[in-house]
Amino acid sequence: MNARYPFTAVVGMDDLRLALLLNAVSPAVGGVLVRGEKGTAKSTAVRALAELLPQVPVVAGCRFSCDPASPDPGCPDGPHDTAPAAERPARMVELPVGASEDRLVGALDFEKALAEGVKAFEPGLLAAAHRGILYVDEVNLLSDHLIDHLLDAAAMGSSHVEREGVSVRHAARFLLVGTMNPEEGELRPQLLDRFGLTVEVAASREPAQRVEVVRRRLAFEDDPAAFAARWAGEESALRARIAAARERLPQVVLGDAALLQIAATCAAFEVDGMRADIVMARTATALAAWADRTEVDSEDVRQAALLALPHRRRRNPFDAPGLDEDKLDETLERFKGEEPQGDPDDEPEPDGPGDGGPDGGPGGGVPPQGEGPDAVPDGPADGPAPEAPGPDAPAPDSPGTAPAPAAQDTGAGSDAGSGAGSGSGERAAVAAAEPFRTKVLSVPGLGEGAAGRRSRARTEQGRTTGSVRPRGALTKLHLTATVRAAAPHQRARGRSGPGLVLRRDDLRQATREGREGNLVLFAVDASGSMAARRRMSAVKGAVLSLLLDAYQRRDKVGLVTFRGRDAQVALPPTSSVDAAAARLEQLPTGGRTPLSAGLLKAHDVLRIERLRDPSRRPLLVVVTDGRATGGGADPVALAARAARLHAAEGIASVVVDCETGPVRLGLARELARELGGTAVTLEELRADAIAGLVRDVQAARPGHPGQTAHTTRRAA
């Protein structure tokens, strides 16, 4: 069955339904980002929205959905001077996470372009979404090069495709709706800001509501058509209300007092740029139109701020989105009823539409629940947003002392921490030192993994390095190689005119080199020898800095910790560096140093991940002082054997040497030699601590098959 789950049958989710409906009333609001845990009907609600949108007038036969009232003069299917008009339902186009670039922006037929001079263009998803909805499920997992095209189209309202001098441009204005699970990683700030509104969703904790969710879902799956018919009345009423609000929108007035509250709110929360002010103005106007009013009031501004500002408040990748509602209320109350004090010589700003979208008036009603005959009263469906990691546990009364420079672990004695590890001398977690800019750690060689910004790889984007015969559809033409392949056969093929006589075998695909994202697995020593507060704070600061670097370079990250008797996977490989930072912040210390257990656990994690994603190359980062005091009768030999296991499999590795003090034993550097990798101190890890622009640090041990991670200083 093709019946969609009805929008009005969604239980609860008031903020989500309101944000989607406001965009249906005023597409200029700029789309919605839906953040939340899995299984919370994010995708169901978004897909149901398309059924509520009005019919779209189009030029008949135009593949780019031109408006008959104002057709695009540059439309590839144009001109449309005498073309008849038609109507079609609003489209919701889904962009799969694994889509190719040509699938998104469209594809050119190079054979026809070169041989016949014809621009044979096959429209992509951006063209299909024009004047409709572009929906991206798991938008945070979208490849960087696809995000770049989305950003360009969202900013310019058009898509420009150019391949080897053959170019096509077409209009691409759409409502961008994305869903994501924050546990799987965050969005790039540039794309995050492109979403007008954001909402956090969570499953209801009210048993009655959960029962109703299950009841409706089972009824829909048993008979989708009958279930949709049952809610047809509510759907029709909501569709009519959207249409009425759209008609009312141009009449809504955005007064100076409300505009001042919007500007004051954005300034108070220190959001970047002016987009937040514009989005808030459009959202408040749409709220007023939705509530059947013609003037924006303070409640509209408040609701608009709750929807438009949380995702614009992040200052670094580890900040949780959110808004201080007490501060918001204080700001609105302070500027309530005031008029902006402008320069009397300035021209007054006209009320009404502004910056490409209608602005105006009052309001802010909550959309109807759309309850059916067996509905239950709605409670708050959205649970609180996940809180950022709280402050670290207080420091012990007696400060830790630096471990003595001896191979014997000094952290196994009695400590003043609050840990519960039996006989482990566990200490409470300490705060991380301030993050710093790190030098680049990269995997040597040429990979073929997912696009990123760390190690060299063959990619769809980047500089052209050569050409090959295409194995399937030609996507990146190497023009020079194609001409060279065809040139010797022109006389035999009977060429008589200026055109080049091409055959399929002449075409050459360009091979390109760019950067890939890697799996950065941290193995962190949390034993007693690392437990001195100042040292562990510095270690956490270094790992946090590397996590920030991994976020910027689109890596997956994992975290293994070892102390006491064994090692554990604190965080399996994930794209969420936020989760890794939270686990790191809560990491206690104490006990002996089972270095071999940590290396073996890391090996198991990498082996499993290699089966899941064989193209993503790993980078092992071991953070330790190199001491091995647990794990067997000869812990040093066991650690060396475990290290050689990584080296034998060619795993690129870096050892961050945490040993401090005037006397250093160099145990971490010996571990790096066994791994076939590189050792750097905490001081050397800083980008500004390296003399010279580029430095490749390679282990000199002969006969070792292990890869050595390259370290590169970033330009200041």
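Visitor: What should I know about the model and its numbering before I start?

Guide: The model is predicted, so local features need pLDDT of at least 70 and side-chain atom pairs count only at pLDDT 80 or more, while totals for chains, interfaces and linings use all residues. Residues are numbered from 1 along each chain as its sequence is written, and side-chain values use heavy atoms, with hydrogens and water left out.

Visitor: How many residues of strand 7 are buried, and which strands pair with strand 7?

Guide: Helices (H or I, at least four residues) and strands (E, at least two) are DSSP runs numbered from the N terminus, and buried means under 20% relative accessible area, exposed over 50%, and partly exposed in between, with a 1.4 Å probe and protein chains only. In strand 7 (residues 133-137), 4 of the 5 residues are buried, so the strand is largely enclosed by the rest of the structure. Two strands pair if DSSP finds at least two bridges between them; strand 4 (residues 92-94) runs parallel to strand 7 and is joined to it by 3 bridges, with Val93 partnered by Leu134. Strand 10 (residues 175-180) also pairs with strand 7 in the parallel sense, over 5 bridges, and here Asp137 has Thr179 as its bridge partner.

Visitor: Which strands are joined to strand 17, and in which sense, parallel or antiparallel?

Guide: Strand 16 (residues 519-525) runs parallel to strand 17 through 7 bridges, one of which sets Leu519 against Lys556, whereas strand 18 (residues 566-574) runs antiparallel to strand 17 through 6 bridges, with Arg563 opposite Asp566. Strands 17 and 18 form a hairpin with 2 residues between them, and Gly564 in the turn has a positive phi of about 70°. Strand 17 (residues 556-563) is mostly covered, since 7 of its 8 residues are buried.

Visitor: Is His145 buried or exposed, and which residues does His145 touch?

Guide: His145, in helix 6 (residues 144-156), counts as buried at 15% relative accessibility. Leaving aside residues up to four places away in sequence, His145 touches Glu101 and Gln461, where contact means heavy atoms within 4.5 Å. The C-alpha atoms of His145 and Ser100 are separated by 9.4 Å, although these residues are 45 apart along the chain.

Visitor: Which residues have a positive phi without being glycine, and which peptide bond is cis?

Guide: Most residues other than glycine have a negative phi, and most peptide bonds are trans. Among the residues with a positive phi, Met13 has a value near 55°; Met13 lies in the segment before helix 1 (14-25) and is buried, with a relative accessible area of 7%. Glu138 also has a phi near 55°, but lies in the loop between strand 7 and helix 6 and counts as partly exposed at 25% relative accessibility. The peptide bond from Gly78 to Pro79 is cis, with omega near 0°, and Pro79 belongs to the loop between strand 2 (56-59) and strand 3 (85-88).
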